[in-house]
Amino acid sequence: MAKRKSDLIQEENLDSIEAHLAGTLKPVTPPSELIQRLRGRIQMPTRSEITLRLADWRRMFFVLGGVMSGMLVLVTLARVFYYMAGRKG
């Protein structure tokens, strides 16, 4: 599908704006203190931490599965009672 004339004009305007900004903006280097703080916060966990987290995820998966199963049983029972009450009325 061919582009409309207004779309082409808008693209040309954006291209010229991008070119202008690329020429005027200068790259900024962050302070070394900031980089050190970020490296301190972002750390690769040890193997034991990873296995502990995976074990927690398994437990959470089973808990979520149990809750969903319980809700399914409750909804099924509610439908049965609704069906039985509707038949008598």
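Tyr83 is found in helix 3, which spans residues 47-88, where helices (H or I, at least four residues) and strands (E, at least two) are DSSP runs numbered from the N terminus. Tyr83 is exposed, at a relative accessible area of 51%, on a scale in which buried means under 20%, exposed over 50% and partly exposed in between, with a 1.4 Å probe and protein chains only. The model is predicted, so that local features need pLDDT of at least 70 and side-chain atom pairs count only at pLDDT 80 or more, while totals for chains, interfaces and linings use all residues. Residues are numbered from 1 along each chain as its sequence is written, and side-chain values use heavy atoms, with hydrogens and water left out.

Tyr83 also belongs to a nonpolar surface patch, together with Val63, Val67, Met71, Val73, Leu74, Leu77, Val80, Phe81 and Met84, and the patch has about 980 Å² of accessible area in total. Such patches are made of residues with over 30% relative accessible area and no salt bridge, in which like charges are joined within 9 Å and nonpolar side chains (Val, Leu, Ile, Met, Phe, Trp, Tyr) within 5 Å. Accessible areas come from the Shrake-Rupley method with a 1.4 Å probe, and for residues only the protein chains shown count as cover.

The protein chain comprises 3 helices and 0 strands, in the order α-α-α from the N terminus. Buried residues account for 0% of its 89 residues, and the chain exposes about 9300 Å², of which carbon and sulfur atoms supply 66%.

Arg59 and Asp56 are separated by about one helical turn because they lie 3 residues apart in helix 3. The count by this rule is 1 salt bridge, and its two partners compare as follows.

| Residue | Relative accessible area | Class |
|---|---|---|
| Arg59 | 53% | exposed |
| Asp56 | 33% | partly exposed |

A search of the whole structure finds 1 aromatic pair. Phe61 and Phe62 form this edge-to-face pair, at 6.0 Å centre to centre and 65° between the planes; rings of Phe, Tyr and Trp (its six-membered ring) pair if their centres lie within 6.5 Å, with planes under 30 degrees apart counted as stacked, over 60 as edge-to-face and the rest as tilted. Both Phe61 and Phe62 are exposed.

The mean pLDDT (the predictor's confidence in each residue, from 0 to 100) of the protein chain is 85, and 88% of the residues score at least 70. Confidence is lowest in helix 1 (residues 5-24), at a mean of 80, and highest in helix 2 (residues 32-41), at 90.

Conventions:
A salt bridge is a side-chain nitrogen of Lys or Arg within 4 Å of a carboxyl oxygen of Asp or Glu.
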